[in-house]
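Student: I would like to go through this model by its helices, their contacts and a few loop residues. Please give the cut-offs as the terms come up.

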Amino acid sequence: MKIIKKLIMAIVVLAAMSGLTSCNYNSLVEKQQDVDQAWAQVENQYQRRADLIPNLVNTVKGYSTHEEETLTKVTEARAKATSITLSADDLTEENLARYQQAQNELSGALKSLLAVTEAYPDLKANENFLNLQAQLEGTENRISTERKRYTEVVRDYNTAIKKFPTTIYAGWFGFKEKPQFKSEAGAEKAPEVKF
């Protein structure tokens, strides 16, 4: 009789654990899909920026014959940034850092390009240039928004896989921590403004 009670108790415990595991498993799958979707949106906005750059470079090129080095740097940075593709399955600290570094280099090259345009009043008044500049500014805002969303869903996912009892079996099913974006080196210092 004691053996039957122990057997029934073991079956009840296993059934309860199985039910909890499957519910949490499904929740983790949903959270992982949220991370994948958020990452796709980040990439989408970076691609939008990359697509705008050739038009911007060509517009500037038409007004500036002395800025070949700057234009070359922007083109090379764009090529490097678009050559690094990163699927949601390949998101690791190292891969994300490499991806982010290429994107930061492109951002720096674009800032240089836009600074150069200050020397060309006709270019700054060109409607096509102004439109491209506005689109680029809007895209930078979208990138920031999508990175923020990605950060939020990754935080939610990483927290979920670390909670007890989920942490026990999350690894069994291949749920691994996802990386976060890191701020650029020097971002913690306020820029120095001189007049």
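Tutor: Helices (H or I, at least four residues) and strands (E, at least two) are DSSP runs, numbered from the N terminus. The model is a predicted one, where local features need pLDDT of at least 70, side-chain atom pairs count only at pLDDT 80 or more, and totals for chains, interfaces and linings use all residues. Residues are numbered from 1 along each chain as its sequence is written, and side-chain values use heavy atoms, with hydrogens and water left out.

Student: How many helices and strands are there in the protein chain?

Tutor: From the N terminus on, the order of elements is α-α-α-α-α-α. The count for the protein chain is six helices and zero strands.

Student: What percentage of the residues of the protein chain count as buried?

Tutor: Buried means under 20% relative accessible area, exposed over 50%, and partly exposed in between (1.4 Å probe, protein chains only). Of the 195 residues in the protein chain, the buried part is 33%.

Student: Among contacts between residues at least 6 apart in sequence, what percentage join residues at least 24 apart?

Tutor: Contact means heavy atoms within 4.5 Å. Among contacts in the protein chain between residues at least 6 apart in sequence, the part joining residues at least 24 apart is 79%.

Student: Are H2 and H3 roughly parallel or roughly antiparallel?

Tutor: Axes are lines fitted to C-alpha atoms, for helices over the stretch in contact, and angles run from 0 to 180 degrees between N-to-C directions. Helix H2 (residues 68–83) and helix H3 (residues 93–116) have axes 8 Å apart and pack at an angle of about 155 degrees. That makes H2 and H3 roughly antiparallel, on a scale where angles under 35 degrees count as roughly parallel, over 145 as roughly antiparallel, 65 to 115 as roughly perpendicular and the rest as oblique.

Student: How do the residues of the contact of H2 with H3 divide by class?

Tutor: H2 brings residues including Leu71, Val74 and Arg78, and H3 brings residues including Gln103, Leu106 and Leu113. Ala, Val, Leu, Ile, Met, Phe, Trp, Tyr, Cys and Pro count as nonpolar, Asp, Glu, Lys and Arg as charged, and the others, Gly among them, as polar. The division is 10 nonpolar, three polar and four charged.

Student: What distance separates the end C-alpha atoms of H3?

Tutor: The expected span of a helix is 1.5 Å times one less than its number of residues. For the 24 residues of H3 this gives 34 Å, and the separation of the end C-alpha atoms agrees, at 34 Å.

Student: Which residues of H5 make the contact with H3?

Tutor: The axes of H3 and H5 come within 13 Å and cross at roughly 150 degrees, which means that H3 is roughly antiparallel to H5. From H3, the contact uses Gln100, Leu110 and Leu114; from H5, it uses Phe129, Gln133, Leu136, Glu140 and Arg147.

Student: Is Thr117 buried or exposed?

Tutor: Thr117 lies in the loop between H3 and helix H4 (121–125). Not counting residues up to four places away in sequence, Thr117 touches Val60, Leu123, Lys124 and Phe129. The relative accessible area of Thr117 is 2%, so Thr117 is buried.

Student: What is the omega of the peptide bond that joins Phe164 and Pro165?

Tutor: Pro165 lies in the loop between helix H5 (127–162) and helix H6 (166–170). The bond from Phe164 to Pro165 is cis, with omega about 5 degrees.
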